[in-house]
Amino acid sequence: HYIAKDGDKDDSIDAAKLAELARGGFLREVYHSTDEDRTIFKEWVGIYHDRVREQTRQKNKIYAIARAHGVILEAAIFKVDVWNCWRNEIQDAELRMQLELLYKGYIAVAEQVKEALRQISRRRKKYDIIGYWEELPGLGVVRAATLFAYLDTPWRFKKRSQLCKYCGLGLERSTSGTDKKGRPNKGSLHLAWQVNRRLKDAIMGATTNVIVGENPFGYQYRRLLKNGLTPGNAKHTVARKLLAVLWDMWKRNERFDAQML
């Protein structure tokens with residue numbers, strides 16, 4: 001805001017304000033990988049997630065257009081053979097033309113998703129830790145590759161709390177004002193908001209899978225519930241434990257060992 005919304009703005013003014021912020025210690029470092037292969041791998045992971053999001057958007061658009069004309073579609077309609085049989089049954093010519101156009105876009109994006117996944121699957125073989133992570137319950141190719149690509153190195157964080165906050169699992173304290181006697185109000189804890197959403201989606205998705213299975217993480221989740229924790233707090237506790245295990249495996253470049261828990 002100091003640069004973009006305060007007074008005149010041009011290159012020389014922006015540079016001077018940026019220097020002022022740097023001297024005052026108000027700028028945060030931004031991490032960039034120095035490994036070109038890892039940078040390219042991260043780009044492919046990003047392309048995959050972008051194409052998956054676009055595929056979902058295309059599918060929802062087809063659902064919406066059909067529903068607006070009173071046609072309810074089932075999920076199986078997006079299979080090519082089912083679609084080829086079903087489209088001839090559409091009586092409304094305009095609706096048929098619209099859906100065919102949108103379906104072509106959906107198929108094109110679906111092929112892009114497959115190609116991006118093929119690239120990820122091929123390139124991940126260079127990194128042993130991704131294969132070690134895939135051996136854990138709840139972590140497949142995509143989630144393991146996403147964690148690896150967006151964290152880049154285990155030595156990026158000095159403390160586990162920093163890693164948890166970056167992945168959206170850490171807690172932040174906030175407080176404001178005083179009570180009637182002038183004493184500061186008690187602070188409240190909440191999950192950090194400024195986080196990497198793709199990392200959070202990957203680790204929470206893995207946690208959702210592991211807590212229902214017969215594995216050390218599932219046992220821990222059920223033990224926490226028995227001890228009185230709410231399902232949400234217990235799930236986030238297990239997620240932090242899972243993330244800590246992945247971090248420890250990465251630093252040691254070792255497979256999972258139950259003793260890590």
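Analyst: Asn253 lies in the segment after H10. The model is predicted. Start with the backbone there. Phi of Asn253 is positive, near 55°, and the residue is not a glycine. That deserves a second look, because most residues other than glycine have a negative phi. How accessible is Asn253? Its relative accessibility is 43%, so Asn253 counts as partly exposed. The label follows because the value falls between the 20% and 50% cut-offs.

Asp152 is not a glycine either, yet its phi is positive, at about 75°. Asp152 sits in the loop between helix H6 (141–151) and helix H7 (160–166). Its relative accessibility is 7%, so Asp152 is buried, whereas Asn253 is partly exposed.

Now step back into H10, residues 231–252. One feature here is a charge over a ring. The charged end of Lys251 is placed over the ring of Trp247, at 3.8 Å from the ring centre. A second case of this kind involves Lys17, which lies over the face of Tyr2, 4.9 Å from the ring centre.

Lys241 is also part of helix H10. Its relative accessible area is 22%, and Lys241 is therefore partly exposed. The cut-off matters here, because buried requires under 20%. Lys241 and Leu261 are 20 residues apart along the chain, and 7.5 Å separates their C-alpha atoms.

What packs against H10, and at what angle? Helix H8 (residues 197–210) does, at about 110°, with 9 Å between the axes. H8 is therefore roughly perpendicular to H10. The label holds because 65 to 115 degrees is the range for roughly perpendicular. The crossing of these two helices, H8 and H10, is right-handed.

Next, the aromatics. There are 12 aromatic pairs in the structure. Take Trp83 and Trp86 as one of them: their ring centres are 5.6 Å apart and their planes meet at 45°, so this pair is tilted. The reasoning is simple: stacked needs planes under 30 degrees apart and edge-to-face needs over 60, so a value between them is tilted. Both tryptophans belong to helix H3 (residues 80–86), and they are 3 residues apart, about one turn of the helix. Trp83 and Trp86 are both buried.

H10 supplies a partner for another pair. The ring centres of Trp133 and Trp250 are 5.2 Å apart and the planes are at 85°, so this pair is edge-to-face. Trp133 is in helix H5 (residues 128–134) and Trp250 in helix H10, so the pair ties together parts 117 residues apart in sequence. Are these two partners buried or exposed? Trp133 is buried, with a relative accessible area of 1%. Trp250 is buried too, with 9%.

Trp133 can also be set against Leu191. They are 58 residues apart in sequence, and their C-alpha atoms are 25 Å apart in space.

H2 passes H4 in a left-handed crossing. The contact of H2 with H4 involves 21 nonpolar, 6 polar and 5 charged residues.

Ala116 is found in helix H4. With a relative accessibility of 1%, Ala116 is buried. From Ala116 to Val52 the C-alpha distance is 9.8 Å, across 64 residues of sequence.

To recap the H10 region: Asn253 follows the helix with its positive phi. Lys251 is over Trp247. Trp250 pairs edge-to-face with Trp133.

Conventions: Residues are numbered from 1 along each chain as its sequence is written. This is a predicted model: local features need pLDDT of at least 70, side-chain atom pairs count only at pLDDT 80 or more; totals for chains, interfaces and linings use all residues. Side-chain values use heavy atoms; hydrogens and water are left out. Rings of Phe, Tyr and Trp (its six-membered ring) pair if their centres lie within 6.5 Å; planes under 30 degrees apart count as stacked, over 60 as edge-to-face and the rest as tilted. Helices (H or I, at least four residues) and strands (E, at least two) are DSSP runs, numbered from the N terminus. Buried means under 20% relative accessible area, exposed over 50%, partly exposed in between (1.4 Å probe, protein chains only). A charge sits over a ring if NZ of Lys or CZ of Arg is within 6 Å of the ring centre and within 35 degrees of the ring normal. A crossing is left-handed if the near helix is turned anticlockwise from the far one by less than a right angle, and right-handed if clockwise. Ala, Val, Leu, Ile, Met, Phe, Trp, Tyr, Cys and Pro count as nonpolar, Asp, Glu, Lys and Arg as charged, and the others, Gly among them, as polar. Axes are lines fitted to C-alpha atoms, for helices over the stretch in contact, and angles run from 0 to 180 degrees between N-to-C directions. Angles under 35 degrees count as roughly parallel, over 145 as roughly antiparallel, 65 to 115 as roughly perpendicular and the rest as oblique.
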